[in-house]
Amino acid sequence: MSLDDVRTDTCAAYGCPLLGSFGVGGKWFCVCHFRANAAVNDAITAELNRHRGVVDALLLARRTGAGYADIKALEDELIGHTHEIGRQQSIPTAGVVGPTHAEPAFTETDA
Ligand SMILES: [Zn+2]
């Protein structure tokens, strides 16, 4: 069985490559999906696939019984890549460099 086969121990979010670690409503979710709004599940999965090297290292660490510190460091890295997804960001209102006034309009008859 390859890692690409459908497994019962993976995260319940569609297409997520990580293992389910947190039970929510009868399903198991990974560390990146378990608190996320379901509307951003696909965006989180896409970001996890962009960092496939870290994901593979984490899967290997979990399956080979690596130490807690090693697993947590890899999980923290993936959380860092995904925790901003789906959150509104405020637009800065101070310290923005740009025009402070509009140039006066010139009519074509002035020339
Ligand atoms: Zn997941």
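How do the axes of helix α2 and helix α3 cross? In this predicted model, the axes of α2 (residues 52-63) and α3 (residues 68-82) come within 9 Å and cross at roughly 155 degrees.

## Basis of the model

Residues are numbered from 1 along each chain as its sequence is written. The model is predicted: local features need pLDDT of at least 70, side-chain atom pairs count only at pLDDT 80 or more, and totals for chains, interfaces and linings use all residues.

The protein averages a pLDDT of 85 (the predictor's confidence in each residue, from 0 to 100), and 87% of the residues score at least 70.

## Elements

Three helices and two strands make up the elements of the protein. Helices (H or I, at least four residues) and strands (E, at least two) are DSSP runs, numbered from the N terminus. Their order from the N terminus on is β-β-α-α-α.

## Helices α2 and α3

Axes are lines fitted to C-alpha atoms, for helices over the stretch in contact, and angles run from 0 to 180 degrees between N-to-C directions. Angles under 35 degrees count as roughly parallel, over 145 as roughly antiparallel, 65 to 115 as roughly perpendicular and the rest as oblique. Helices α2 and α3 are therefore roughly antiparallel to each other.

Their crossing is left-handed (the near helix is turned anticlockwise from the far one by less than a right angle; clockwise would be right-handed). On the α2 side, the contact is made by Val54, Val55, Ala57, Leu58, Ala61 and Arg62, and on the α3 side by Asp70, Ile71, Leu74, Glu75, Glu77 and Leu78. Residues are in contact if their C-beta atoms, placed from the backbone, lie within 7 Å. Eight of these residues are nonpolar, none polar and four charged; Ala, Val, Leu, Ile, Met, Phe, Trp, Tyr, Cys and Pro count as nonpolar, Asp, Glu, Lys and Arg as charged, and the others, Gly among them, as polar.

## Helices α1 and α3

The axes of α1 and α3 come within 10 Å and cross at roughly 125 degrees; these helices are therefore oblique to each other. The crossing of α1 and α3 is right-handed. Here Ile44, Glu47 and Leu48 of α1 meet Leu78, His81 and Thr82 of α3, a set of three nonpolar, two polar and one charged.

## Leu78 and burial

Leu78 lies in helix α3 and counts as buried because 21 C-beta neighbours lie inside 10 Å. A residue is buried if 20 or more other C-beta atoms lie within 10 Å of its own, exposed if 12 or fewer, and partly exposed in between, with C-beta atoms placed from the backbone. Of the 111 residues of the protein, 17% count as buried.

Beyond its neighbours within four places in sequence, Leu78 is in contact with Val31, Cys32, Leu48, His51, Val54, Val55 and Leu58.

Technical notes:
Contact = placed C-beta atoms within 7 Å.
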